[in-house]
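Open the model and keep the sequence beside it.

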Amino acid sequence: MNKALRQIFWGYVFIFFRLHVGIDLLADPIGYILLLSGCSKLIDAYPGAKKARIVALVGIFISIPSVFVNLSETSLSIGWSSYSILLLVLKTIMGYYMFVVLKDVAEAFGDQALQGRTVNTFKFYMAIHLFALALLSFSMNVPGDGWVALSIISFIGALVMDILLLLLIGAIRRISPEQLRVNTHI
C-alpha cells in the first residue's frame with residue numbers, strides 16, 4: 001500500500017501544480033494515470049477506491065488538451081475557460097473520492113488522531129473548493145475589485161488545502177508501512 005499511496009501522492013502533485021513551458025511539464029493525464037494505478041492497488045482492501053479509479057480514468061481522457069494549452073492565461077476564449085472550470089470540478093470530485101479512501105485507511109489503522117485529521121482536512125478541503133467553484137461562477141458576471149480580491153483569497157485557500165492533502169497522504173504513508181503492506185496486493 002505504501003507504493004499505492006506514493007503513486008497517489010505524485011499523481012496529485014501532477015494534477016495540482018502546473019509548470020507550463022510550451023507544454024505542461026506536470027501533465028494532468030500523467031497525474032490521473034498515477035492516481036488510477038494507485039487506486040487499482042487499493043481496491044481489494046478498500047472498495048471505495050473503485051469510484052476514485054473510475055474518476056481517474058475519466059480524468060485521463062478529459063485532461064489531455066490541458067497538456068498543450070496554457071490554461072492560466074487570462075486571454076483564453078470562453079471555451080477554454082469553461083474547460084478549465086471543468087478540470088477544477090473534476091479535481092474536486094477526485095479529491096472527494098480520495099478522501100473516502102483515506103478515511104477508510106485511517107479507520108483501518110485505528111489511530112484516532114489520524115482519523116480526526118483526515119475528517120477535518122476533508123471538511124475544509126471540500127468547503128473551500130466548493131466555495132471557490134461557486135465564486136468562480138459568479139465572478140465572471142460581476143465587475144469590481146472586491147470579487148477579484150475574494151477570488152485571490154479563495155485561490156490561495158484552495159492551494160493551501162491541496163498542500164494539506166498532500167501532507168495528509170504523506171502522513172498516512174508514514175504511519176505504519178509494515179501494516180500497509182499486509183493489507184493490499186502490491
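D162 counts as buried, because its relative accessibility is 2% and the cut-off for buried is under 20%. The model is predicted, so keep that in mind for every value here. What does D162 form with K91? The two make a salt bridge, and their closest N and O atoms are 2.9 Å apart. Side chains of opposite charge can pair when their charged atoms come close. K91 is buried as well, because its relative accessibility is 10%.

Now place the two partners. D162 lies in helix α6 (residues 145-175), and K91 lies in helix α4. The pair therefore ties together parts that are 71 residues apart in sequence. How many salt bridges does the structure hold? The count is one.

Stay on helix α4, which spans residues 78-109. T92 lies in this helix. Is T92 buried or exposed? T92 is buried, because its relative accessibility is 5%. Set aside its neighbours within four places in sequence, and T92 is in contact with M126, H129, L130 and L133.

Move on to helix α5, which covers residues 112-139. T118 lies in this helix. At 0% relative accessibility, T118 counts as buried. What lies 2.8 Å from a polar atom of its side chain? That is the backbone oxygen of L114.

Leaving out residues up to four places away in sequence, T118 touches F99, L102, K103, A106, L168 and I172. Take L102 from that list. L102 and T118 are 16 residues apart in sequence, with 7.1 Å between their C-alpha atoms.

K103 is another of the residues that T118 touches. Where does the charged end of K103 sit? It sits over the ring of F122, 4.1 Å from the ring centre. G48 is found in the loop between α2 (28-42) and α3. G48 counts as buried, because its relative accessibility is 18%.

Which residues do ring pairs link into a cluster? They are Y96, Y97, F99, F122 and Y125.

W10 is partly exposed, with a relative accessible area of 43%.

A further pair joins Y96 and Y97. Why is this pair edge-to-face? The centres are 5.1 Å apart and the planes stand at 75°, and planes over 60 degrees apart count as edge-to-face. Y96 is partly exposed at 35% relative accessibility. Y97 is partly exposed too, with a relative accessible area of 23%.

Next, visit helix α3, residues 49-62. V58 is found there. At 39% relative accessibility, V58 counts as partly exposed. V58 and Y32 are 26 residues apart in sequence, and their C-alpha atoms are 8.6 Å apart in space.

Finally, step back to the whole chain. What does the secondary structure come to? There are seven helices and two strands. Along the sequence they follow the pattern α-β-β-α-α-α-α-α-α. Of the 186 residues in the protein, 44% are buried. K91, D162, T92, T118 and G48 are among those described above as buried.

Contacts tell a story of sequence distance. Take the contacts with a separation of 6 or more: residues 24 or more positions apart account for 71% of them. The accessible surface comes to about 9,600 Å². Carbon and sulfur atoms hold 69% of that surface.

Definitions and conventions. Residues are numbered from 1 along each chain as its sequence is written. This is a predicted model: local features need pLDDT of at least 70, side-chain atom pairs count only at pLDDT 80 or more; totals for chains, interfaces and linings use all residues. Side-chain values use heavy atoms; hydrogens and water are left out. Helices (H or I, at least four residues) and strands (E, at least two) are DSSP runs, numbered from the N terminus. Buried means under 20% relative accessible area, exposed over 50%, partly exposed in between (1.4 Å probe, protein chains only). A polar contact is a pair of N or O atoms within 3.5 Å; within protein, one must be able to donate a hydrogen and the other to accept it, and residues adjacent in sequence count only if both atoms are side-chain atoms. Contact means heavy atoms within 4.5 Å. Rings of Phe, Tyr and Trp (its six-membered ring) pair if their centres lie within 6.5 Å; planes under 30 degrees apart count as stacked, over 60 as edge-to-face and the rest as tilted. A charge sits over a ring if NZ of Lys or CZ of Arg is within 6 Å of the ring centre and within 35 degrees of the ring normal. A salt bridge is a side-chain nitrogen of Lys or Arg within 4 Å of a carboxyl oxygen of Asp or Glu. Accessible areas come from the Shrake-Rupley method with a 1.4 Å probe; for residues, only the protein chains shown count as cover.
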